[in-house]
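Please look through the model shown here before reading the briefing that follows, which goes through its packing and helices by topic.

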Amino acid sequence: MTSLKSKLHEDLTVAIKARDELRSATLRLTLSAVTKEEVSGRTARELSDDEVRKVIAREAKKRREAADAFAKGGRAAQAERELAEGELLAGYLPKPLTDDELESIVAEAVAEAKAGGAEGRSAMGAVMKIVTPRVDGRAEGGRVAGAVKRLLG
């Protein structure tokens with residue numbers, strides 16, 4: 001078992017013993033998503049820590065989107081719970097990049113792409129190929145794409 005997955009299991013046990021309903025429910029759903037990912041495909045396999053982080057990030061994003069939908073629908077209590085679950089899951093993810101950090105990484109990638117001959121709006125794909133591995137798990141794709149468009153435009 002990977003260290004991140006075992007940490008999730010340990011935290012679930014602690015939450016159950018402490019009767020922390022929010023934490024235990026959130027961790028159960030997250031571990032269920034990890035298990036689902038492990039058994040999907042042709043053969044079952046153990047996920048690496050990076051793959052588990054991606055599952056956690058996907059689950060956290062679902063919580064944020066659900067919170068927005070509940071807030072728009074006038075269900076503030078449910079939106080608040082979804083936000084709390086998202087915050088809990090964010091504790092297992094690497095610290096997100098600030099806007100300044102993201103801008104500097106994108107600026108470096110734009111300079112590299114221009115050195116390689118890509119310029120203007122058509123360089124978007126080339127820049128994204130350079131930026132994506134550098135920010136993986138620390139910034140959402142839409143946010144990264146927006147920064148790239150700003151610097152290319």
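Which residue follows H3, and what is its phi? H3 is followed by Gly74, whose phi is positive, near 80 degrees. This is a predicted model, in which local features need pLDDT of at least 70 and side-chain atom pairs count only at pLDDT 80 or more, while totals for chains, interfaces and linings use all residues. Residues are numbered from 1 along each chain as its sequence is written, and side-chain values use heavy atoms, with hydrogens and water left out.

**Helix H3**
- Helices are DSSP runs of H or I with at least four residues, numbered from the N terminus.
- Among the buried residues of H3 are Val52, Ile56, Glu59 and Arg63, where buried means under 20% relative accessible area, exposed over 50% and partly exposed in between, with a 1.4 Å probe and protein chains only.
- The buried residues of H3 pack against helices H1 (3–17), H2 (21–39) and H4 (76–90).

**Nonpolar cores**
- The largest nonpolar core has 18 residues, and those with the most contacts inside it include Leu102, Val127 and Val148; such a core is a set of buried Ala, Val, Leu, Ile, Met, Phe, Trp, Tyr and Cys residues joined through side-chain atoms within 4.5 Å.
- H5 (99–115), H6 (124–135) and H7 (141–152) each give two or more residues to this core, and the largest share, six residues, comes from H5.
- A second, separate core of 15 residues includes Leu12, Leu31, Leu89 and Tyr92.

Technical notes
Contact means heavy atoms within 4.5 Å.
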